[in-house]
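The following note sets out points for discussion on the model shown below. It is arranged by topic.

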Amino acid sequence: MKAVAIKKGQTRERRPAFKEMGALRCDGCGEEFIVFHAPASVDRAVAERQARWLEKVLAEEHERERKHPDRIQLPD
Ligand SMILES: [Zn+2]
């Protein structure tokens, strides 16, 4: 696993070496997710792409009336 988004408040679960790449707030409920990258995979452009992907995933979960998981694995 190279990249993961973790719900704010649940980040104690993260792997200590992972770097915090930024936060994304869900438009639907205001919950915040922090994007983390593995040390060897730190890439700001990838993190921005993943944030846009995550935005869509979170919106879809609202459409389907599903709860957000505490951690979401991000595509490379
Ligand atoms: Zn939401």
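1. In which strand is the place of Val4? Val4 lies in strand S1, strands being DSSP runs of type E with at least two residues and helices runs of H or I with at least four, numbered from the N terminus. The model is predicted, so that local features need pLDDT of at least 70 and side-chain atom pairs count only at pLDDT 80 or more, whereas totals for chains, interfaces and linings use all residues. Residues are numbered from 1 along each chain as its sequence is written, and side-chain values use heavy atoms, with hydrogens and water left out.

2. Val4 is buried, at a relative accessible area of 2%; buried means under 20%, exposed over 50% and partly exposed in between, with a 1.4 Å probe and protein chains only. Leaving aside residues up to four places away in sequence, Val4 touches Phe18, Ile34, Val35, Phe36, Arg71, Ile72, Gln73 and Leu74, contact being heavy atoms within 4.5 Å. The C-alpha atoms of Val4 and Gln73 are 4.5 Å from each other, although 69 residues separate the two along the chain.

3. The strands form an open sheet of 4 members in the order S2-S3-S1-S4, with antiparallel pairing; two strands pair if DSSP finds at least two bridges between them. S2 and strand S4 (71-73) are the edge strands, each pairing on one side only. From one strand to the next the twist averages 25°, taken between axes fitted to C-alpha atoms, with angles running from 0 to 180 degrees between N-to-C directions.

4. S3 pairs with S1 over 5 antiparallel bridges and with S2 over 6 antiparallel bridges. Opposite residues of S3 stand Lys7, facing Phe33, and Ala3, facing His37. Gly22 has Val35 of S3 as its bridge partner. The hairpin of S2 and S3 has 6 residues between the strands, and Gly30 in the turn shows a positive phi of about 80°.

5. How many residues of S3 are buried? The count is 6 of its 6 residues. In a regular strand, side chains alternate between the two faces of the sheet. Both faces of S3 are covered, with Glu32, Ile34 and Phe36 buried on one side and Phe33, Val35 and His37 on the other.

6. The zinc ion is coordinated at 2.0 to 2.3 Å by Cys26 (SG), Cys29 (SG), His62 (NE2) and His68 (NE2). Donors are N, O and S atoms within 2.8 Å of the metal (3.2 Å for Na, K and Ca), and sites may look incomplete because water is not among the atoms. The angles among the 4 donor atoms run from 101 to 115°, and the site is tetrahedral, a class that requires all angles of four donors to lie between 85 and 135 degrees. The donor spacing in sequence is C-x2-C-x32-H-x5-H. His62 is partly exposed, at 32% relative accessible area, whereas His68 counts as buried at 7%.

Terms used
Tetrahedral: all angles 85-135°; square planar, octahedral: opposite > 155°, others 65-115°.
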